[in-house]
Amino acid sequence: MHRVIISGIGAEIPEPVITNEELVASFNSWVDTENARRATRGETLLQKSDSDFIVHASGVKSRHVIEREGILDPTRMSPRIPARPDDALSLEAEFGIASARKALAHAGIDGSDVDLVICSASHHQRPYPAIAIEMQEALGAKGAGFDMGLGCSSAAAALHVAVNLVRSGAHKRILVSTPEIITGHLNFRDRQTHFIFGDASVAMVVEGLAQGEKRPGRFEVLDTRTWTQMSNNIRTNLGYHTRTAQDDPYMINLEGNLIKQVGNKVFKEVTVAGQKFIVEFLAEHGLTPQGIRRFWLHQANARMNAMILKLSFGHDVDHDRAPMVLERLGNTAGAGAIVALSENHADMKAGDFGLICAFGAGYSIGGALLRML
């Protein structure tokens, strides 16, 4: 059984930014138009949104997106992403490669040194050919590639798979990529979810540690864990069979098929499950939360993270112990915890423990216990 390290970490954040105020202005403009239509039909009127509600509900103040003008257009409310020919690099592969190149550079290797590419994200651009295979070719990687996903736990789940493949000797060096272009799947006309998500891409290089090899400043992965439990409280129904349920299968109705969630139930149930997962996972290694230098948690909801940590520690935990990037980036699904890791690890000392923990739709939770070399 080989020792395994994360030798490279990379994050790519798109430049365009949308503030709460801009998003609310677009949403409320659409609500005015929609309510005028509903009033003539005697239908229930929609409630407007405001920035204070968004901050209270989520902690998000802005988000970075692949394309902002289409999202902010009240007559469209969706990113405007032109189709590309089949022989051109797809947008998701391009986004994944951007973070992958940063992770490869951090690891000090080239794409040709990788023998497996895993593209794991909550939302994939297409079912096949696999985005990972497209990335593999563009990076000049060897071996194979495949896609996988586990909602917002996608990066942690892929890390679990990669670590165990390297530990078993099945692969030498694996690139894990999580390009999250969530805005393309988001219903910007839904007051409960339109403000939550942003786009981001992250990548990690996972490889074995040779006998006697010194890799200071890198993380050894001591263990990984995944957990799932069926829940419909975070769900999307957009899939291969969506068209088959329509009267006209060539005119897809997206109503009820985009991202939806029961926020209050998700908050309560995932908070309990997340705290239990963390405490029990650490206990298996003779550790308590107090012995962990840094937590890189899923960046979905500031109050949820604060509650999970308070239940785990018995008191409030500050940003230094559990850094947040949610306020400026929004919920970037599987990418969030790894963005927090990328931006908040350079100050850690040899021997310090860290814990990646992501949670989301499924329900699903993924964790990785790390130690700085």
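Visitor: What makes the residues of strand 4, such as Leu-116 and Val-117, count as buried or exposed, and which way do they point?

Guide: In this predicted model, Leu-116, Ile-118 and Ser-120 point one way from strand 4, while Val-117 and Cys-119 point the other way. Buried means under 20% relative accessible area, and all of these residues are buried. In a regular strand, side chains alternate between the two faces of the sheet.

Visitor: Why is strand 4 called mostly covered?

Guide: Strand 4 spans residues 116-120, and five of its five residues are buried.

Visitor: What about strand 6 and strand 7, and which way do they run?

Guide: Eight bridges join strand 6 (residues 173-180) to strand 7 (residues 200-209). At least two are needed, so this is a pair as well. These strands run antiparallel, and Ile-174 has Val-206 in strand 7 as its bridge partner.

Visitor: How many strands form the open sheet, and in what order?

Guide: Nine strands form the open sheet, in the order 5-4-6-7-1-8-13-12-11, with mixed pairing.

Visitor: What makes strand 5 and strand 11 the edge strands?

Guide: Strand 5 (144-148) and strand 11 (294-297) each pair on one side only. From one strand to the next, the twist averages 25°.

Visitor: Why is Ile-252 called partly exposed?

Guide: Its relative accessible area is 45%. Buried would need under 20% and exposed over 50%, so Ile-252 falls in between and is partly exposed. Ile-252 is found in the loop between strand 9 (234-235) and strand 10 (260-261).

Visitor: Which residues make the nonpolar surface patch that includes Ile-252?

Guide: Leu-238, Ile-252 and Leu-254 make this patch of about 240 Å².

Visitor: Which residues does UniProt list for the "Beta-ketoacyl-[acyl-carrier-protein] synthase III N-terminal" domain?

Guide: The unreviewed UniProt entry lists residues 146-209. Over that span the chain is 23% helix and 33% strand, and its end C-alpha atoms are 24 Å apart.

Technical notes
Residues are numbered from 1 along each chain as its sequence is written. This is a predicted model: local features need pLDDT of at least 70, side-chain atom pairs count only at pLDDT 80 or more; totals for chains, interfaces and linings use all residues. Side-chain values use heavy atoms; hydrogens and water are left out. Patches are made of residues with over 30% relative accessible area and no salt bridge: like charges are joined within 9 Å, nonpolar side chains (Val, Leu, Ile, Met, Phe, Trp, Tyr) within 5 Å. Accessible areas come from the Shrake-Rupley method with a 1.4 Å probe; for residues, only the protein chains shown count as cover. A salt bridge is a side-chain nitrogen of Lys or Arg within 4 Å of a carboxyl oxygen of Asp or Glu. Helices (H or I, at least four residues) and strands (E, at least two) are DSSP runs, numbered from the N terminus. Buried means under 20% relative accessible area, exposed over 50%, partly exposed in between (1.4 Å probe, protein chains only). Axes are lines fitted to C-alpha atoms, for helices over the stretch in contact, and angles run from 0 to 180 degrees between N-to-C directions. UniProt positions are given in the numbering used here, feature names are shortened, and annotations may be inferred rather than shown by experiment.
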